[in-house]
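Hi,

Here is the model I said I would pass on. Have a look at it first, and then read on for what turned up.

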Amino acid sequence: MMVVAQGSGTLEAIPRPGSVFQRNLNLVRELSITSFKLKYTGSALGYIWSLVKPLMLFGIMYLVFSLLLKVGKGDIDFPVQLLIAIVAWTFFTEATSTAMNAVAGNGDLIRKAYFPRWILVVASTTSALLTFAINTSLVLVVTLVLGHLDLTLRSLLAPLYYLELIVLVLGLSLLLSSLFVFFRDLGHIWEILSLVLFYGSGVVFPIMLIKSTTLLDLAGLNPVAQIIQDLRYSLVQSSPLNHSMASIIGPLVTIPIVISVLALVVGYLVFTRLTPKFAESL
């Protein structure tokens with residue numbers, strides 16, 4: 001704290017420039033950790049559920065799509081590609097769905113205490129990010145030991161794709177959480193849209209199986225599809241069914257990247273615009 005003299009001879013404490021940022025950062029950290037702990041409070045397996053859920057989803061999807069429907073037939077690394085996609089998709093849906101209620105579910109806190117409201121959304125997203133980090137680390141270690149990962153120079157791009165996913169999720173979370181305060185039907189709408197996105201993002205099948213060039217280009221404009229496809233390409237060896245999105249849709253690959261950034265900008269602007277109306281609507 002800095003102390004300065006006032007005209008009346010009294011002293012007034014003025015926060016140092018970094019103190020507000022530090023307080024907000026500490027609040028985000030505490031809320032994130034608390035949310036992460038509460039998620040598994042009272043369950044027998046506790047934090048193990050953060051690993052069990054995506055693995056169970058992987059098992060079901062692998063059984064149905066790979067073994068029964070023969071999706072990805074001829075690609076020995078498809079199970080790894082599927083697991084990478086499911087972990088990324090689980091983070092996307094968990095983070096956006098949880099963050100949607102971050103503001104609406106904390107009406108009492110918003111009315112009684114003043115703090116930047118975006119902290120609730122960031123904390124909720126960070127909590128999901130902790131689970132995502134655990135799952136991703138486990139997947140990478142296990143598949144690396146089993147020899148399914150192909151770590152080459154293109155693997156250096158993987159962190160950028162993960163960053164793009166976080167930017168997209170945070171932008172959508174800010175947008176959804178602010179709109180959900182006023183339009184509760186949004187929860188049902190987003191649930192349906194998430195299902196459409198799941199099948200439209202190539203989570204359970206190689207996107208190269210889409211034969212129509214027009215449909216392939218449309219799928220490539222989906223940021224989630226682009227991120228998942230490029231993650232697969234950067235971490236698993238190339239095959240007839242595993243290519244980068246740039247090689248699939250060409251220069252159009254910049255569009256989903258721009259959409260991810262725009263989602264963050266639009267989400268922040270909408271959230272900031274609606275923030276003053278939160279208290280009276282909760």
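Which residues of α9 are buried? Keep in mind that this is a predicted model. The buried ones are Pro-223, Val-224, Ala-225, Gln-226, Ile-227, Ile-228, Gln-229, Asp-230, Leu-231, Arg-232, Ser-234 and Leu-235. That makes twelve of the 13 residues of α9, so the helix is largely enclosed by the rest of the structure.

Then go to the start of α9, where Asn-222 has a side-chain oxygen within 3.0 Å of the backbone nitrogen of Val-224.

Zooming out, the chain has twelve helices and two strands. Along the sequence the pattern is β-β-α-α-α-α-α-α-α-α-α-α-α-α. There are 282 residues, and 43% of them count as buried. If you take the contacts with a separation of 6 or more, 75% of them are between residues 24 or more positions apart.

Now the pockets. The largest has a volume of about 260 Å³ and a lining of 15 residues. Phe-92, Leu-172, Trp-190, Leu-193 and Leu-197 are the ones nearest its centre. Here α9 comes up again: together with α6 (158-180) and α7 (186-200), α9 (223-235) is one of the elements that give two or more residues to this lining. The top contributor is α7, with six residues. As for the class of the lining residues, 13 are nonpolar, two are polar and none is charged.

The second largest pocket comes to about 200 Å³. Its lining is made up of Leu-31, Thr-34, Ser-35, Leu-38, Thr-98, Ala-102, Asn-106, Leu-109, Leu-120, Ala-123 and Ser-124. Both α1 (19-39) and α5 (118-145) supply at least two residues each, and α1 gives the most, with four. In this lining, six residues are nonpolar, five are polar and none is charged.

Tell me what you make of it when you have had a look.

Cheers

Conventions
Residues numbered from 1 in each chain as written. Predicted model: local features only at pLDDT ≥ 70, side-chain atom pairs only at ≥ 80, totals over all residues. Heavy atoms only, no water. 1 Å grid on protein atoms, 1.4 Å probe; cavity = no way out; pocket = protein on both sides within 12 Å on 5 of 7 lines; lining within 4 Å. Points joined across faces, edges and corners; volume = space filled by probe spheres on them. Nonpolar A, V, L, I, M, F, W, Y, C, P; charged D, E, K, R; others polar. Buried < 20%, exposed > 50% of the residue type's maximum accessible area, 1.4 Å probe, protein only. Polar contact = N/O pair within 3.5 Å; in protein donor to acceptor, adjacent residues only side chain to side chain. Contact = heavy atoms within 4.5 Å.
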